[in-house]
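Please keep the sequence and the 3D view open while reading.

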Amino acid sequence: MDPVAEVDQAQELLVDAKLQTSIDGLYAIGDIVSALNQISVAVGHAAIAATAIHQRLPPNYREDAAHQADRAAELPTPGD
Ligand SMILES: Cc1cc2nc3c(=O)[nH]c(=O)nc-3n(C[C@H](O)[C@H](O)[C@H](O)COP(=O)(O)OP(=O)(O)OC[C@H]3O[C@@H](n4cnc5c(N)ncnc54)[C@H](O)[C@@H]3O)c2cc1C
């Protein structure tokens, strides 16, 4: 069964201080989150979540040759 993120009574996603849901690595922002529904809140959420995601990435993400090779192996081959 697929994992299901925790929600409040209004079916809005519960997140921690970094906007991560109960599913590791799944972040949520804006109206879908259990918080005040305003544009400024959504924008603030976005900044916090983006920073948290950035900080989770491995150092030198774009230059990590092993990671690049793994990613390349996952890409479909033309004609597949
Ligand atoms: C009438 C009204 C007036 C408002 N006035 C104000 C105001 O004056 N000031 C203020 O700060 N806030 C106001 N708000 C609240 C503000 O609009 C929201 O807080 C803000 O838009 C939330 O941004 P969001 O990106 O979380 O969601 P949204 O702006 O709702 O964006 C979600 C997007 O996801 C799309 N989507 C949904 N389901 C799917 C799917 N399955 N697949 C692909 N796309 C999907 C939707 O079409 C939409 O484009 C108002 C809201 C309403 C309804």
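**Briefing**

Pro3 sits in the segment before helix 1. The model is predicted. The chain has two helices and zero strands.

**Pro3**

**Overall shape**

- The radius of gyration of the chain is 17 Å, whereas a compact globule of 80 residues would have one near 12 Å.
- The C-alpha trace spans about 45 × 30 × 20 Å along its principal axes.
- Of the 80 residues, 10% count as buried.
- Among contacts with a separation of 6 or more, 20% join residues 24 or more positions apart.

**Nonpolar core**

- Which residues make up the largest nonpolar core? They are Leu13, Val15, Leu19, Tyr27, Ile29 and Val33, six residues in all.
- In soluble globular proteins, nonpolar side chains tend to be buried together.
- Tyr27, a member of this core, touches Leu19, Gln20, Thr21, Ala49, Ala52 and Ile53, leaving aside residues up to four places away in sequence.
- Leu19 belongs to the core too. Leu19 counts as buried because 24 C-beta neighbours lie inside 10 Å, and the threshold for buried is 20 or more.

**Positive phi**

- Most residues other than glycine have a negative phi.
- Leu19 is not a glycine, yet its phi is positive, about 70°.
- Gln11 also has a positive phi, near 65°, and is a residue other than glycine.
- Gln11 counts as exposed, because it has 8 C-beta neighbours inside 10 Å, whereas Leu19, with 24, counts as buried.

**Ligand shell**

- Which residues surround the ligand? The shell consists of Gly30, Asp31, Ile32, Asn37, Gln38, Ile39, Ser40 and Ala42.
- By class, the shell holds three nonpolar residues, four polar ones and one charged.

How values were computed. Residues numbered from 1 in each chain as written. Helix = DSSP H or I, 4+ residues; strand = E, 2+ residues; numbered from the N terminus. Rg over C-alpha atoms; globule rule 2.2 N^0.38 Å. Buried ≥ 20, exposed ≤ 12 C-beta atoms within 10 Å, placed from the backbone. Contact = placed C-beta atoms within 7 Å. Near = placed C-beta within 6 Å. Nonpolar A, V, L, I, M, F, W, Y, C, P; charged D, E, K, R; others polar. Core = buried A, V, L, I, M, F, W, Y, C linked by C-beta atoms within 7 Å.
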